[in-house]
Amino acid sequence: MAGTFLGQETLNFNKHAYDPIRFSNKFCMDALEDIPWMGSLDTYFVKIYIRDLSKGTSGVFEDYGLFTMVEQPNKSYLERHGLNKNSTIYKPKLFGFYMYDDLKSEDDPGYDEAAFESIIEIRENPDHDKLIEMIEAVNDTSLDINDVVDTYFNRDNYLTWMATNIIFGNMDATVHNYLLYSPINSKTWYFLPWDYDGTLAYTHRELFDRKALPMELYGLGIFWNSPLHNRFFRNPDNLKALNEKIDTIMNTYLNNRNCKKLTANYIEMFESSMFIMPDIRYLTGTVDDVVYYSDNTYLAMRQLVDLYYENLQSPMPIYMAQPTKGAGVYHFTWDSSFDFQGDMLYYTLAVARDPGFKNIIFTSDPIMDTALDVELNVAKGTYFFKVTITDDKGNTQVNMEDYEDPLNGDDYPGVLSFEVQ
């Protein structure tokens, strides 16, 4: 394409066909424009018409409907936003702040760019050594995590990124769907937004498929696997700072008046595009759903924040290991959980013949240990297990794992399978 469109050479068009209200990304990016401590990406609604020139000059423009166009985070983006064009940008793909084996310096004889980018994509001006230094510090438990964050991150930016994820219901930013930006000649890394599909309406399960995140994991639970978030938010002062950031953003920048101001023009756009062909085919909810969430975005976010606070009363989720077979027993182990209130935690192991646990063959008493030997005199086949975490106030939590039935695709949160030979 010759020239630029809205000042951009690279155009990102997204149909957002899996977003039940279709305006989540636009709303979140617009909202972030006014929230301090974090950047945004210019985002537009656009109508696309395509003419197939292979049919000759007689070809007509075909209406492809409404798309969202999001600014490309590249050198031009940096310059447009008053940042040094030689600054570094990475785009996580499967990156949870662990020290992955394939994250190597370019000077390392074992460096493999394709393997590196399978974890975190190189966008602009890579500085692998700076990135690796930060990751090593995050994973070094001999270092105070507050010192690590103050050295390698901007605390307000980090807290704002996490706060807005919780407010918007963005639970798909644990290992991807965000950007890491670092200015030239600086150790500091900043979180930048990228994708907000399927947010805002999250608490309304009827709009989502059966594989939606378990409600118990909403909030910090789904982020707990990351060493950065896990270490930082164990500190009660840091959790308090996050809660204060959430309340400040909700009361000052995303109050009901400001939300209505942001969505005021959406319905007019929807009526001219989304509620007619070809876009009405992509509505997974109803027209009333879209209108409701456009008019009540603040209420939707308030429900998400309330759910976050509710889930803080429960233990944090864990991962389980595959059982190992010993002398007449199966050895089950799992991670230790964490409770923000410091409550006593108990673990209950269950084993079943089916992933829905309708045919349970073993259930333990609640124990405080994170390992248990179980005698299982069962026939060859596939079995299923899960560990339920309960605090002494009766709050429960599910595991991070889930089992997907290969026959029908049904999803069973908190369940793993193992084979008896």
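A: Helices here are DSSP runs of H or I with at least four residues, strands are runs of E with at least two, and both are numbered from the N terminus. The model is predicted.

Start with α8. Helix α8 covers residues 236-253, which is 18 residues. From its first C-alpha to its last, α8 reaches 25 Å, close to the 26 Å expected at 1.5 Å a residue.

Next, the inward side. The cut-off for buried is a relative accessible area under 20%, and for exposed it is over 50%. By that cut-off, the buried residues of α8 are N238, L239, L242, N243, K245, I246, I249 and M250. Viewed down the axis of α8, these buried residues fall within an arc of 155°, so they line one face of the helix. The face turned away from that buried side carries P236, D237, K240 and N251, which are exposed.

What lies over the buried residues of α8? The cover includes α5 (145-152), α6 (155-168), α7 (227-233) and α12 (297-311).

Now the start of the helix. N235 caps the N-terminal end of α8. A side-chain oxygen of N235 lies 2.8 Å from the backbone nitrogen of D237.

Move on to α9, residues 256-263. Its buried residues are N258, C259, L262 and T263. They cover an arc of only 130° around the axis, which puts them on the same side of α9. R257 and K261 are exposed on the other side of α9. The cover over the buried residues of α9 includes α8, along with α1 (24-32), α10 (266-272), α11 and α12.

Two packed helices are described by the angle between their axes and the distance between the axes. Helix α11 (residues 287-295) packs against α12 at an angle of about 80°, with the axes 4 Å apart. That makes α11 roughly perpendicular to α12. On the α11 side, the contact is made by Y292, Y293, S294 and D295. On the α12 side, T297, L299 and A300 take part.

S294 counts as buried at 2% relative accessibility. Apart from residues up to four places away in sequence, S294 touches F23, T263, Y266 and I267. T263 is one of the buried residues of α9.

Step out to the loop between α10 and α11, where P278 lies. The peptide bond from M277 to P278 is cis, with omega near 5°.

R22 comes next. R22 sits in the loop between β1 (12-14) and α1. R22 is buried, with a relative accessible area of 3%. A polar atom of the R22 side chain lies 3.2 Å from the backbone oxygen of L66. Setting aside its neighbours within four places in sequence, R22 is in contact with K15, H16, F45, L66, M274, D279, Y282 and L283.

Another loop residue to check is S105. S105 is found between β4 (88-92) and α3 (113-117). S105 is buried too, at a relative accessible area of 16%. Its contacts, leaving aside neighbours within four places in sequence, are Y111, H128, D129 and I132. S105 and I132 are 27 residues apart along the chain, and their C-alpha atoms are separated by 7.7 Å.

Finish with backbone angles. Two loop residues are worth a look. N185 has a positive phi of about 60° although it is not a glycine. N185 is in the loop between β6 (178-182) and β7 (190-193). N185 is exposed, with a relative accessible area of 76%. F357 is another residue other than glycine with a positive phi, near 55°. F357 is in the loop between β10 (345-352) and β11 (360-363). At 9% relative accessibility, F357 counts as buried.

Notes
Residues are numbered from 1 along each chain as its sequence is written. This is a predicted model: local features need pLDDT of at least 70, side-chain atom pairs count only at pLDDT 80 or more; totals for chains, interfaces and linings use all residues. Side-chain values use heavy atoms; hydrogens and water are left out. The expected span of a helix is 1.5 Å times one less than its number of residues. Buried means under 20% relative accessible area, exposed over 50%, partly exposed in between (1.4 Å probe, protein chains only). The arc is that of the directions from the helix axis to the C-beta atoms. Contact means heavy atoms within 4.5 Å. A polar contact is a pair of N or O atoms within 3.5 Å; within protein, one must be able to donate a hydrogen and the other to accept it, and residues adjacent in sequence count only if both atoms are side-chain atoms. Axes are lines fitted to C-alpha atoms, for helices over the stretch in contact, and angles run from 0 to 180 degrees between N-to-C directions. Angles under 35 degrees count as roughly parallel, over 145 as roughly antiparallel, 65 to 115 as roughly perpendicular and the rest as oblique.
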